[in-house]
Amino acid sequence: MMPRKYRQLVVWQKAMLLVTDIYNVSSDFPGNEQFGLSSQIRRAAVSVPSNIAEGSARGSDKEFTRFLYISRGSLMEVETQLMIAENLGYCPNGCDELYESVEQIFAMLNKLITVLKTQQ
């Protein structure tokens, strides 16, 4: 199987790592959050690399950019849900590393969006 180009994007790779980290952190949330915050934050995290991948396959820079904006929106959902989890005491060791990953991915998405928009 030939690797897809999106797999070479560092932003996609970092987003995939974020998904793993979110799953690990949310697995420690209370059981009553299984269908609540835990499910919501996982879906939002999965949406970030998924939209990068889907957008890259759309065939135009304009479409790719649109999906990067969606990915960026999902990333902000993750950040907000991390804040909620932290406020509820679900991140006893803090979420600093996760916030740092979110910031890095956000900056990378912005840069990629800027580059693609100049090529349109």
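Predicted model: local features only at pLDDT ≥ 70, side-chain atom pairs only at ≥ 80, totals over all residues.
**Tyr-90 and Glu-33**

I began with the side chains of Tyr-90 and Glu-33, which a polar contact of 3.1 Å joins. For the term I use a pair of N or O atoms within 3.5 Å; within protein, one must be able to donate a hydrogen and the other to accept it, and residues adjacent in sequence count only if both atoms are side-chain atoms. Residues are numbered from 1 along each chain as its sequence is written, and side-chain values use heavy atoms, with hydrogens and water left out.

I looked up where Tyr-90 sits: the loop between H3 and H4. Helices here are DSSP runs (H or I, at least four residues), as strands are (E, at least two), numbered from the N terminus. Buried or exposed? Tyr-90 counts as buried, at 16% relative accessibility. My cut-offs are under 20% relative accessible area for buried, over 50% for exposed and partly exposed in between, with a 1.4 Å probe and protein chains only.

Next I listed what Tyr-90 touches, not counting residues up to four places away in sequence: Phe-29, Pro-30, Glu-33, Leu-37 and Ala-85. Contact means heavy atoms within 4.5 Å.

**Aromatic pairs**

How many aromatic pairs does the structure hold? I found 2. Rings of Phe, Tyr and Trp (its six-membered ring) pair if their centres lie within 6.5 Å; planes under 30 degrees apart are stacked, over 60 edge-to-face, the rest tilted.

Tyr-6 with Trp-12 is an edge-to-face pair, at 5.1 Å centre to centre and 75 degrees between the planes. Both Tyr-6 and Trp-12 are buried. Phe-29 and Tyr-90 make a tilted pair, because their planes stand at 40 degrees, with ring centres 5.2 Å apart. That pair links distant parts of the chain, 61 residues apart: Phe-29 is in the loop between H1 and H2, Tyr-90 in the loop between H3 and H4. Phe-29 is buried, as is Tyr-90.

I then went back to Tyr-6, in the segment before H1. Tyr-6 has 17% relative accessibility, so it counts as buried. Apart from neighbours within four places in sequence, Tyr-6 is in contact with Trp-12, Ala-53 and Ser-56.

**Val-25**

I checked Val-25 in helix H1. Val-25 is partly exposed, at a relative accessible area of 23%. Val-25 touches Cys-91 and Leu-98, leaving out residues up to four places away in sequence. The C-alpha atoms of Val-25 and Cys-91 are separated by 7.4 Å, though the two are 66 residues apart along the chain. Tyr-90 is 8.5 Å from Val-25, C-alpha to C-alpha, and 65 residues away in sequence.

I tested the length of H2 (residues 37-56): its 20 residues at 1.5 Å each should span 28 Å, and the end C-alpha atoms are 29 Å apart, which agrees. The expected span is 1.5 Å times one less than the number of residues. Where is the kink in H2? It lies at Val-48, shortly before the proline Pro-49, and is about 30 degrees. The bend is the angle between axes fitted to the seven residues ending at a residue and the seven starting there.

The buried residues of H2 pack against helix H1 (10-26), helix H3 (61-87) and helix H4 (96-118); they include Ile-41, Val-48, Asn-51 and Ile-52. For H4, the 23 residues should span 33 Å at 1.5 Å a residue, and the end C-alpha atoms are 33 Å apart, which agrees. The buried residues of H4 pack against H1, H2 and H3.

I also looked at Ser-71 in helix H3. Ser-71 counts as buried, at 0% relative accessibility. Ser-71 is in contact with Val-48, Asn-51, Ile-52 and Leu-109, leaving aside neighbours within four places in sequence.

**Nonpolar core**

Last entry: the largest nonpolar core has 32 residues, of which Ile-22, Ile-52, Leu-68, Val-78, Leu-82 and Ile-105 touch the most other members. H4 gives the most to this core, with 8 residues. The term covers buried Ala, Val, Leu, Ile, Met, Phe, Trp, Tyr and Cys residues joined through side-chain atoms within 4.5 Å. For Leu-82 I noted contacts with Ile-22, Ile-41, Cys-95, Leu-98, Tyr-99 and Val-102, not counting residues up to four places away in sequence.
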